[in-house]
Amino acid sequence: METNNKRVQKKKTIIEGASRLIIQKGIDNTSLSDIAREIGISKGTLYYYYATKNELIFEIAVDHIEQISNDLFMLIDRIKGPSSPETVLTAMVETILKAETRSRLHLYLIREALTKHKVLKERFIATYRHWFETMEEGLGKILPGQNDLEVLSTILVAVLDGFVIQSMLKVQNITVKDIVRYLLKMAR
């Protein structure tokens, strides 16, 4: 009989292996057989944990979204006392951009949500709304008295998504600090 702890660990191993393959090959080119082979289990064992590829993709997305959200929450929670808005926003942007592999996975999952997977799309919509609120809360701490925090948080999340794409394509020549400095100038 498998303990809950072993089950959680096995699912984590499957998610990590599947994520690696998706980053390398894309969602469409990654099969359950590929995933089973990657992590050294039988296809039957994989089916025991995930009956369908969509079920696994959804769990990868949930795990991915939670990781990004937790990084942002921890950063915002650490804001205590006076910190320069530039320092805090730079840290937020760099937190999002720090892992290229996570960024690539994010784009694959967004594509999947937009083209094929209604439940995943709904999850991303809820998550983005939550990110807007979290960003707004964080901005409120570093820009007290600022009126348009909802607009600024929405713009900042959009900028981050665009910056992730540009960073992966290696086409931007502007630094994170330059972007943050400009956004703060526009917010004032």
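A search of the whole structure finds eight salt bridges. A salt bridge here is a side-chain nitrogen of Lys or Arg within 4 Å of a carboxyl oxygen of Asp or Glu. The model is predicted, so a few ground rules come before the tour: local features need pLDDT of at least 70, side-chain atom pairs count only at pLDDT 80 or more, and totals for chains, interfaces and linings use all residues. Residues are numbered from 1 along each chain as its sequence is written, and side-chain values use heavy atoms, with hydrogens and water left out.

Start with lysine 11 and glutamate 59. Their side chains meet in a salt bridge, 3.8 Å from N to O. Lysine 11 sits in helix α1 (residues 4-25) and glutamate 59 in helix α4 (residues 53-77), so this pair ties together parts that are 48 residues apart in sequence. Helices are DSSP runs of H or I, at least four residues long, numbered from the N terminus. Glutamate 59 is partly exposed, at 27% relative accessibility. In this text, buried means under 20% relative accessible area, exposed means over 50%, and partly exposed lies in between (1.4 Å probe, protein chains only).

Next comes aspartate 28. Its partner is arginine 111, and their closest N and O atoms are 2.7 Å apart. Aspartate 28 lies in the loop between α1 and α2 (32-39), while arginine 111 lies in helix α6 (residues 100-115), so the bridge ties together parts 83 residues apart in sequence. Aspartate 28 is partly exposed at 45%. Arginine 111 is partly exposed too, at 35%.

Aspartate 34 and lysine 25 form another salt bridge, at 2.8 Å from N to O. Aspartate 34 is buried, with a relative accessible area of 15%. Lysine 25 is partly exposed at 32%.

Threonine 30 is in the loop between α1 and α2. Is it buried or exposed? Threonine 30 is buried, with a relative accessible area of 1%. It touches Leu21, Ile22, Lys25, Ile35 and Lys53, leaving aside residues up to four places away in sequence. Contact means heavy atoms within 4.5 Å.

Now look at α1 itself. Its 22 residues should span 32 Å at 1.5 Å a residue, and its end C-alpha atoms are 31 Å apart, which agrees. The expected span is 1.5 Å times one less than the number of residues. Buried residues in α1 include Lys11, Ile14, Leu21 and Ile22. After α1 comes glycine 26, with a positive phi near 90°.

Finish at α8 (residues 149-169). This helix has 21 residues and reaches 30 Å from its first C-alpha to its last, close to the 30 Å expected. Leu149, Leu152, Ser153, Leu156, Val157, Leu160, Phe163, Val164 and Met168 are buried in α8. They cover an arc of only 135° around the axis, which puts them on the same side of α8. The arc is that of the directions from the helix axis to the C-beta atoms. An α-helix has 3.6 residues a turn, so residues three or four places apart point the same way.

Leucine 169, in α8, is exposed at 59%. Just after α8, lysine 170 takes a positive phi of about 60°.

Methods: Helix = DSSP H or I, 4+ residues; strand = E, 2+ residues; numbered from the N terminus.
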